[in-house]
Structures are given as structure tokens and as C-alpha cells.
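Work through the two exercises below with the structure open. Each task is followed by its solution.

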There are 2 protein chains.
Amino acid sequence: MVRRTHIRAMADNELFRLLNAAQHHLDEGFSDLPPAPAPPLDEQAAAILKEAATRLHDNYPYAHPLYAGQMLKPPHPIARAAYALAMSVNPNNHALDGGRASSAMEIEAVAALAKMFHWPHHLGHLSSGGTFANLEALWVAGQLAPGKSVAASDQAHYTHSRISSVLGLPFVSIPTDNNGRMDLAALERLLETGSIGTVVVTLGTTAIGSVDPLDQIAQLQQRYKFRIHVDAAYGGYFTLASNLSPVARAAYDAIAHADSIVVDPHKHGLQPYGCGAILFRDPAVGHFYKHDSPYTYFSSKELHLGEISLECSRAGASAVALWATQRLLPYTPGGAFAQGLESGRAAALELNQRLSLSTYFVTPSAPPQLDIVFWAVRAKTPEISSTSAQHIFDEAARLDLHLALANLPTRFFPAGTWPDSEQTKTVTCLRSVLMKPEHLAWLDQIWSRVESAAEAVFLSIPPRNQPQ
Amino acid sequence: MVRRTHIRAMADNELFRLLNAAQHHLDEGFSDLPPAPAPPLDEQAAAILKEAATRLHDNYPYAHPLYAGQMLKPPHPIARAAYALAMSVNPNNHALDGGRASSAMEIEAVAALAKMFHWPHHLGHLSSGGTFANLEALWVAGQLAPGKSVAASDQAHYTHSRISSVLGLPFVSIPTDNNGRMDLAALERLLETGSIGTVVVTLGTTAIGSVDPLDQIAQLQQRYKFRIHVDAAYGGYFTLASNLSPVARAAYDAIAHADSIVVDPHKHGLQPYGCGAILFRDPAVGHFYKHDSPYTYFSSKELHLGEISLECSRAGASAVALWATQRLLPYTPGGAFAQGLESGRAAALELNQRLSLSTYFVTPSAPPQLDIVFWAVRAKTPEISSTSAQHIFDEAARLDLHLALANLPTRFFPAGTWPDSEQTKTVTCLRSVLMKPEHLAWLDQIWSRVESAAEAVFLSIPPRNQPQ
């Protein structure tokens with residue numbers, strides 16, 4: 001146990017050493033000003049920080065590969081160091097006056113995202129998260145087609161329905177097929193009515209990672225006039241992965257047809273929370289953002305990011321962290337960053353394969369589309385299956401494996417799984433988001449715990465402690 | 001110069017030492033898991049961090065007391081350390097599953113804000129910033145009075161007009177008096193029409209820090225039915241200051257009448273960017289936020305902050321930083337935190353006093369209401385005054401004093417300042433936000449540079465280099 005802590009601490013020592021060196025370098029840039037030391041941190045501050053550390057023990061170990069539950073992972077150390085460094089300046093990317101350097105880094109970082117999607121031109125900025133990014137996308141869409149509806153699949157994030165309501169836009173939910181992908185026939189019937197202004201296409205739903213058929217939806221644009229907003233908050237970066245299924249690949253390859261894209265660097269981009277992004281294909285939508293402010297942005301010949309964002313004050317540190325991470329791990333197909341995504345996806349396929357061979361579990365009709373796996377417990381009814389899933393979830397946690405639970409339609413599973421179940425029923429499934437590059441290397445450890453937890457529940461065998 | 005860098009670096013060394021100690025303590029809580037070291041930071045990472053530090057030199061020295069321009073200041077070192085610590089866990093305060101400890105700390109931190117406003121009950125949460133907080137306030141207001149207008153003063157932040165438009169709510173601008181405070185007669189005429197659903201009362205406008213007469217607006221509620229939203233994003237913390245004018249004090253003392261309050265800890269609360277807050281007096285408005293999600297929040301007997309927020313993923317680190325800062329510097333009248341605010345306000349009064357005695361400048365009709373000072377350059381016309389303000393701004397910057405510029409109505413100045421000027425005209429003023437506690441101690445240094453810059457412009461005397 002002592003050894004284990006030691007390993008982690010060594011990495012942290014290195015982080016703080018580099019941070020200290022970078023801080024010295026940063027301070028040198030302002031060394032011709034009269035001295036003005038920051039308030040010192042005293043014994044009381046040390047005690048409060050220690051108390052904060054103690055309180056943070058009350059968390060699941062999100063950073064550890066045995067945490068394989070919700071979509072949570074720690075930022076890359078370089079992102080954390082760059083964020084911590086930039087906090088000493090505390091730039092505000094609203095205006096150049098408040099963050100000249102970090103605004104330039106934001107523009108570069110957002111351009112790298114646009115380039116990843118093969119967009120030669122764009123207008124965009126970082127946001128505090130996916131919600132605000134999606135809100136801006138739907139707001140612009142609503143301005144361009146006032147009164148028309150927003151349509152998204154029944155597996156799309158709930159924020160689209162709620163944000164549409166916040167914006168006063170009618171919202172329509174489109175059914176999904178048995179793989180959780182938007183039903184094209186249902187979409188076309190809706191488009192025929194002429195009431196749809198915007199279709200939200202989700203590339204990677206947050207529940208199961210399903211990928212809407214963007215390529216086929218884009219073809220519908222030849223017959224019907226509508227705007228395509230791609231919500232790739234979770235799945236956007238998978239466009240770099242070489243091991244997608246041909247169907248998912250086709251969807252990603254059609255991304256040039258999107259009118260707007262949301263992607264969250266704080267999900268798969270190795271960033272701390274507070275880093276979403278919105279991209280528009282047509283820079284002209286910038287005029288919707290226009291406003292007047294009495295403070296003179298005195299460096300106003302250049303673009304202030306506040307002029308193309310609904311958010312006012314925004315953390316420049318977030319841009320510095322993303323910029324530094326992109327420098328270390330560029331968005332190159334086949335590069336280290338892309339390999340990290342491919343690794344998570346390979347882990348998902350492998351886990352699904354093992355689950356499908358197990359007598360305890362039922363896997364859905366389709367294999368994972370990205371890196372999210374879900375499965376049900378074999379049982380006579382969805383109700384018993386749901387209860388068992390909860391038990392296995394609890395047993396796994398006792399073995400330090402942290403999974404998640406999700407209520408999903410029974411129709412996602414092969415016909416006959418629960419013969420008497422109605423089509424509209426849901427079942428509580430076990431769910432695992434294998435989003436850490438390390439998950440693949442840890443798959444045997446993960447799998448042995450899944451099996452042990454299932455054995456404990458099915459055979460009333462107490463779970464083995466700490467399987468290796 | 002070497003000595004100066006050294007002083008700052010010592011404070012940073014202490015910060016990183018405490019951070020390292022707290023990190024060890026945090027890691028110990030997870031030491032019974034199999035070892036899984038984080039990716040190491042190598043030479044390339046060190047070079048990238050150094051490059052980021054170099055690029056960050058292209059900023060005004062926001063952290064230094066001679067930066068007295070826009071509302072920018074660095075977070076307190078304990079906030080920065082706590083934020084950096086929490087980033088290793090990277091909690092997501094959307095759901096307890098994603099940040100149990102940091103959610104609890106957020107609830108405590110928001111309760112401390114409510115207590116500061118003397119609210120015994122509240123519903124509220126942190127937000128990524130003031131814009132989203134104000135959006136939620138106006139969204140709830142709109143739900144309660146659909147179709148009715150939002151009214152705010154012509155000095156209120158531009159976000160209210162734009163957000164109202166985003167929400168599809170009619171917006172009305174109310175004129176201000178010559179001190180930049182909402183005109184009560186004009187407000188009452190509007191209320192008589194019965195069309196106003198919500199009045200946005202700004203306690204501390206971002207341009208000049210003017211404080212709307214909330215006490216008198218609250219009295220109007222006895223005759224007219226409307227909702228009061230207090231935008232105290234900038235000025236909220238001044239309720240703790242003992243040196244407000246009686247008029248401003250009366251406004252703050254009426255804050256219990258507000259239906260909602262926005263305050264930004266990232267402005268006066270010593271936090272890094274990404275920390276706003278929204279408080280509602282009536283917890284029942286929580287039902288507007290209701291949504292369904294397929295992921296089971298398995299610890300769902302308790303409140304998940306995502307259930308009372310429009311934002312989904314949110315940085316738990318932001319809550320940890322605010323909580324730690326509140327522990328070190330509680331919101332106690334007369335305490336060290338309150339004294340910091342009082343110090344900035346005293347600096348503003350002193351600067352205004354010196355300006356009023358100077359032959360180079362004209363001060364507005366009313367002294368500063370909070371800690372923001374603005375003044376015009378004495379000249380025959382607003383146009384010449386504006387040009388001179390820009391010149392003095394540039395000269396001051398050459399002397400390391402960084403001020404701001406603002407276009408403000410000429411009516412804020414005594415009648416006859418520009419005899420031939422129309423009432424509707426604006427003039428470019430010099431502006432200084434004295435929001436750092438250290439500004440008072442540095443006032444002589446600030447003032448000597450203001451005088452030198454003015455002399456240089458008026459007398460064509462080259463500015464003295466580095467006045468002491």
C-alpha cells in the first residue's frame with residue numbers, strides 16, 4: 001500500500017516540479033514591475049487544503065482504470081499543469097483586453113477541432129460545457145428558421161428537448177431503431193410535413209454511444225430543407241479512430257454536411273471540466289451575437305471572442321490547457337491521441353465479446369458503436385433482470401470495480417430475450433464507459449471482477465476478495 | 001529585477017509545496033486500489049509548458065496592483081491550490097455519482113452565499129459564470145409570467161437584453177438618472193401598463209458600479225405585481241462592506257425582497273473564472289428544471305445538483321476552490337474578506353477625491369458607489385476629451401499603470417462641463433476598477449502615474465520614467 005501511493009506521488013512531484021519551473025518562467029515576463037508578492041499561504045491554509053483532500057476521498061476513484069462506470073476521467077497531467085499555471089494570470093477570454101494570449105490559444109485550439117472535422121472554414125469558440133454549446137447551436141438554428149421545430153432522436157441527450165423549450169422552439173422526438181440510431185423512415189415522415197427546421201444528429205449518444213446515420217440524413221437534405229446540428233459532445237473525437245464499424249465510419253465521414261458541431265474536450269479531449277466547444281460552418285452566423293458594451297475594447301481591431309459567444313466571462317485557463325494538450329497529443333490519425341481512443345473502443349469490443357459468451361448475461365443485438373458497453377442480466381423478466389443488475393453493480397463495487405446502471409429499452413436486446421415483455425418496457429442494464437486508454441490493458445482485471453460479482457449474485461457465493 | 005522575481009517565486013514555491021502535501025493526502029484515500037500511475041510528463045511536456053508560460057507574457061499584468069483597469073484579478077492562492085488539487089479527481093457536479101464530495105462542498109458554499117444575503121431558505125447552485133446564472137433567473141421568471149416583459153436599466157449588463165431575446169421574452173430598457181441608477185418614475189410608468197413581469201435590479205453595474213434603488217423598487221411591489229431579479233454578479237459581495245453610502249446601503253439591505261440573485265464568486269469572491277452562482281428565494285422553482293435521464297443516478301435519494309441546474313456537466317473543482325476560500329476567509333462583516341472589499345472601496349473614494357482636485361480632470365456628479373471610478377479629461381468638447389483620455393490611457397500604460405476606457409453619457413458629469421454638448425452624447429472616460437485589496441496601499445503609486453500621464457499629454461512633457 002505504501003508502494004502504491006509512492007508511485008502516484010512520484011508522478012505528482014514531477015507535475016509540480018514542471019509547474020514550478022513554468023511559473024518561474026511566466027513570472028519573469030512581469031519582473032520589471034515593482035514587487036507585489038501574492039498573499040502567503042499559512043498554516044491555516046495548509047490545514048484547509050488537507051481538509052479538502054480528506055473530503056475528496058468521498059468519491060469514486062474516477063482516475064483509476066477500475067473505475068469503468070459513468071463518463072468520467074481525469075484530465076491529462078499536462079492539461080492540469082497548464083490550467084494551474086494559467087490560473088496565476090487568470091485570463092478572461094471574453095475580450096482580448098482580458099486575455100490576449102489565451103484568446104489566441106483558444107482560436108488555435110478551436111481551429112484544430114475544425115481541422116479534425118475537415119472544415120476549411122468555421123466560426124467557433126470554447127464554452128463552459130456542452131449545454132451552453134448546444135444552446136448556442138439551437139439558438140442560431142432558431143434564428144434562421146423561426147417557428148420551425150427541432151427534431152432529435154429519443155436517445156439524444158435530454159438537454160435538446162429542455163433547451164428547445166428554454167428557447168421557445170417546438171421539439172419533436174424521433175424514434176430510434178433497435179440499435180439506438182435515429183429511425184430514417186420516421187424522420188422522413190416528419191420532414192414531409194415541412195415543420196422541421198433543425199435535425200439534431202447525435203454522433204455518440206451519452207447512454208449507449210449510438211451513432212445516428214448522418215450520411216443518410218445528409219442525403220435527405222437534397223429533398224427537404226433543414227439544418228443539421230451534430231451533437232458530438234461525447235463522440236466527436238472518435239472521428240480520429242481507425243477501428244469504427246463501417247456504418248459508424250460512414251456517419252463520421254459525412255460530418256462536413258453539418259451546419260454546426262458541438263464537441264466537449266472535457267469528455268474525450270483529456271481536459272478538466274469546463275471545456276466544451278461549438279463550431280459553425282458558416283462564419284456569417286456571427287452577426288446574431290452582436291451587442292454593445294460601454295467598455296471600450298481598446299484593442300478592438302482584432303476579434304474579441306466575446307463578440308461571437310453568448311457567454312460573457314470565460315476561463316482563459318481552459319484554452320491554455322487545451323492548447324498545451326493539443327501540442328503534446330495532436331489530433332493526428334494514427335497518433336498517440338487517436339490510439340488512446342482506439343484503445344477504449346477495442347476494450348469495449350472485447351468486453352462485449354466476453355459478455356456475449358457468458359451464461360450470466362445478455363448482450364444487446366448490436367455490438368458497441370463507440371466505447372460504451374451495456375448488457376442485461378439473464379433472467380425470466382426485465383424486472384428480475386433489473387434487480388440482479390443492481391446487485392451485481394453493488395458486488396462489483398465491493399471488488400473495487402465501479403460500473404454504472406442505465407434504464408434502457410428492452411427492444412435493444414434480441415427478440416425473445418424476455419418473451420412476455422412489451423416493446424415499450426425498459427430494463428436496468430449494467431453499463432461501462434471504457435473511455436480511458438488504460439482500460440484495454442486492464443480488461444482482464446475488469447472482467448474477473450464482473451464474473452466474480454455475477455457468481456456471487458447467481459450462486460450466492462461470496463465474491464472473492466481482490467481478484468488478480 | 002532578480003530580487004523581484006524571487007519574491008513572487010517564493011510565494012509560488014509555498015503554494016506548490018502545500019499543493020504537493022495535500023495531493024499526497026488525497027492519494028492516500030485511494031491507496032488500497034491496485035497501482036495505476038498517471039502518464040508521466042516528459043521533456044516535451046516541460047518544453048510545451050514553458051512555451052505556454054512565454055505566450056502568457058502577452059497579457060496585461062492583471063495580478064499586479066498597477067493593473068487597475070478592467071475587472072480582473074487573480075484568484076486567492078488557496079483557491080488556485082484547491083482548484084489544482086481537485087483537478088486530479090476531476091469531479092463533475094452534475095450528479096452525486098460524479099462528485100459526491102464536491103457536490104456537498106457546493107451546497108455548503110452556496111448556503112454561505114445565501115446566508116450573506118440573509119436568506120434563511122434558498123434553492124441555488126454554482127454556474128459556469130454570470131451569463132448562465134442570469135439566463136436561469138430570467139428563464140424561471142419567464143415561466144412564471146409568460147409573455148410579460150423583462151425590464152432593466154440602460155446601465156444594466158447587455159446580457160439581460162440579449163438573454164431575454166434568446167428566451168423569447170420582450171425586453172424594455174429603463175432610463176437611469178445622472179448617477180446611473182434606475183429612474184423610479186420611469187419604472188413606475190412602465191409598471192402601470194401591467195406589461196412588466198420582471199424587473200432586473202443591478203447592484204453594481206459593470207460599467208460604473210452604480211447601485212439601483214432596490215429598497216424603493218421593493219416598495220413598488222406593494223402596488224404592482226412583478227418579480228425582482230437582482231443582478232449582483234459584480235457587486236453582490238459589497239453587502240459585507242461597512243463603508244457604503246447610506247443610499248447604497250439601503251439598496252443592499254432590501255435584498256431580502258429579491259426573488260432571485262446572481263453573484264459571481266469569480267469577480268469579487270477571489271475565485272478563478274468559471275464560478276458564478278444563482279440563488280432563488282422560493283425553492284419550489286426547482287420543479288421547472290425537471291428532466292429524465294436514462295442513466296440511473298444510483299445514489300438518488302439525495303439531491304443531485306444537475307436536478308436544479310440547466311447546465312449538465314459542471315466542474316466540481318470550482319466548488320472545492322470556493323469552499324476552501326470561504327473556510328480561510330469567511331463572509332463575516334468586519335472580517336478579513338470584508339476588509340478587502342472595504343479597502344477597494346476606500347481606494348476608489350480616495351482616487352475620486354484626488355481627481356476632483358486635479359486641474360486636468362473632471363469627476364462625475366456623484367462619487368463612486370462601489371469600487372469603480374471613472375472620470376473625464378477636462379476639455380472644451382466631449383470629442384477632445386475623448387481623444388485626450390485615449391492619450392492619457394496610452395501614456396499611463398507606458399508608466400506601467402493599466403487603466404481602462406469606457407464610453408459613458410455626458411449627463412453623468414455636472415451640467416456645464418461641456419456647455420454645447422447634447423444630453424444624448426457620450427464621452428470616452430478613463431475608468432479604473434480598484435477591486436484588489438492592495439489597491440489602497442498602492443494609491444500613491446497609482447496617482448503619481450495618473451498625474452504624470454496627464455502632464456505628458458497636456459504639457460507635452462515626456463512622462464517621467466517609473467515615478468516612485
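**Exercise 1.** Which residue forms a salt bridge with A:Arg411, and how many Å apart are the closest N and O atoms?

*Solution.* This is a predicted model: local features need pLDDT of at least 70, side-chain atom pairs count only at pLDDT 80 or more, and totals for chains, interfaces and linings use all residues. Residues are numbered from 1 along each chain as written, chains are lettered from A in the order written, and side-chain values use heavy atoms, without hydrogens and water.

- Step 1. The partner is A:Asp154, at 3.7 Å. A salt bridge here is a side-chain nitrogen of Lys or Arg within 4 Å of a carboxyl oxygen of Asp or Glu.
- Step 2. Chain A splits into domain 1 (96–291 + 301–328) and domain 2 (345–459), with bounds from an automatic or database domain assignment.
- Step 3. Count the bridges. The rule finds one salt bridge across the interface of these two domains.
- Step 4. Size the interface. Domain 1 and domain 2 of chain A bury about 1700 Å², 55% of it on carbon and sulfur atoms. Buried area is the accessible area (1.4 Å probe) that two parts lose on being put together, summed over both.

**Exercise 2.** How many residues of chain A are in contact with chain B?

*Solution.* 

- Step 1. The count is 139 residues of chain A, against 139 of chain B. Contact means heavy atoms within 4.5 Å.
- Step 2. Chains A and B bury about 13200 Å² between them, with 64% from carbon and sulfur atoms.
- Step 3. Six salt bridges cross this interface. A:Arg100 and B:Asp58 meet in a salt bridge at 2.9 Å, N to O.
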